[in-house]
Amino acid sequence: MTGLSVRTKLTAWYGGLFLLAGLVLVVINYLLVQSTLPDPVRFASSAVAGDAAFGVAQRLETLSPAPAVQLVSGSLDEYRSSTLSTLVVGSAIALVATAALAVLFGWLMAGRALRPLHDITSAARRLEAGKLDRRINLEGPPDELKELADTFDGMLDRLAESFDSQKRFVANASHELRTPLAVQRTLIEVAMADPDAAPELAKLGNHLLHTNERSERMIEGLLILARSDRGLHARTRVRLDEVVASVVRATAASAAAAGVTVETRLRPRTVAGDPVLLERLATNLVVNAITYNASGGWVYVEVRGDPALEIRNSGPVVPPEAVPTLFEPFRRVGSERTGDTRNAGLGLSIVRSVAQAHGGRAEAQPGRRGGLTVTVRLPPS
């Protein structure tokens with residue numbers, strides 16, 4: 001019974017046990033009837049001696065005792081065999097019919113008994129990190145299944161509280177860090193604006209400004225990540241192709257400076273979502289494709305009719321085993337967390353979070369000759 005559903009297994013057990021009980025009942029009934037029917041030879045002997053047996057007294061008078069006993073015994077034996085055969089056939093037919101009914105009722109009862117488990121499974125499938133507001137709220141008597149559903153709801157309450165607390169912390173911490181970074185930038189720029197500043201100070205100031213800018217990008221990415229993880233509170237119709245076209249125009253200067261050619265194929269597609277988050281999703285994908293490329297390389301941007309946004313780029317070879325980790329925060333291919341100062345390491349994490357907030361998904365696979373192909377599938381409006 002490997003691979004069968006619990007409902008099928010329960011139905012098989014119900015039907016099998018009922019069939020077994022029916023067989024035992026049929027055997028007991030058969031033995032009782034067999035023991036109740038008289039023995040043909042003994043009954044015939046007593047009947048002949050009493051000169052009466054089933055209305056054949058007149059025939060027995062013309063026969064000697066031995067033939068009479070044989071006649072009555074044969075008649076009774078035939079009657080006994082016919083009775084037992086009829087009993088067996090009738091019981092077998094009744095057993096098969098009731099076993100079929102038992103299987104049918106067992107299937108219905110098993111489905112009714114397992115319905116709360118289906119509710120729990122459906123609730124678990126609908127859960128996401130940003131959508132922990134769903135509950136089972138199982139109604140019924142306080143049995144084992146009700147206790148399981150209530151325990152599951154309690155676990156979801158604790159998880160939702162934990163996720164909300166974590167997201168609030170990230171958002172609040174990011175907001176709090178913006179102010180000191182802005183102050184630091186201002187102080188560094190004021191110090192560098194001094195005409196009497198030494199060359200060493202200018203060099204240090206440029207390095208600090210670069211570090212400060214990277215920290216600001218990381219904080220901005222954390223804020224967007226926290227926002228997208230909370231899910232969408234409102235949706236509007238957004239032309240995905242127009243958003244991507246705007247992003248490509250905005251990054252044209254960066255692509256030209258990097259010596260990367262950007263080609264597009266944008267079909268008109270409308271999705272339901274947040275235009276700001278969708279623009280950030282497209283920006284991260286295009287900027288990553290330009291940044292992690294090679295001079296003289298290319299980037300191909302396509303909006304097609306799933307709707308889906310696909311971006312392919314040339315560049316260094318990406319190991320297949322490293323692809324799943326690219327969607328984790330602060331992960332980069334071939335470098336540690338502090339090994340690359342071009343980006344904060346949140347680009348694809350934000351892409352995946354925004355895609356999930358819109359009910360879609362993000363996938364990536366390495367190119368045959370290097371580079372990466374990232375596909376974001378979004379539900380239509």
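## A pair across two strands

Arg312 lies opposite Thr373 of β7. The strands involved are β5 (residues 308–313) and β7 (residues 372–377), which run antiparallel and are joined by 6 bridges. Strands pair if DSSP finds at least two bridges between them. Strands (E, at least two residues) and helices (H or I, at least four) are DSSP runs, numbered from the N terminus.

This is a predicted model: local features need pLDDT of at least 70, side-chain atom pairs count only at pLDDT 80 or more, and totals for chains, interfaces and linings use all residues. Residues are numbered from 1 along each chain as its sequence is written, and side-chain values use heavy atoms, leaving out hydrogens and water.

## The sheet

The open sheet has 5 strands in the order β2-β4-β5-β7-β6, and its pairing is mixed. β2 (261–266) and β6 (361–366) are at the edges; each has a single partner strand, so one side of each lacks a neighbour in the sheet. From one strand to the next, the twist averages 10 degrees.

## Helices on the sheet

Helix α9 (residues 275–291) packs on the sheet and touches β4 (298–304), β5 and β7. Contact means heavy atoms within 4.5 Å. The direction of α9 makes about 15 degrees with that of β5. Axes are lines fitted to C-alpha atoms, for helices over the stretch in contact; angles run from 0 to 180 degrees between N-to-C directions. Helix α10 (residues 347–357) also packs on the sheet, touching β6 and β7. Its direction makes about 140 degrees with that of β6.

## Start of α9

A side-chain oxygen of Asp274 reaches to within 2.9 Å of the backbone nitrogen of Val276 at the start of α9.

Methods:
A polar contact is a pair of N or O atoms within 3.5 Å; within protein, one must be able to donate a hydrogen and the other to accept it, and residues adjacent in sequence count only if both atoms are side-chain atoms.
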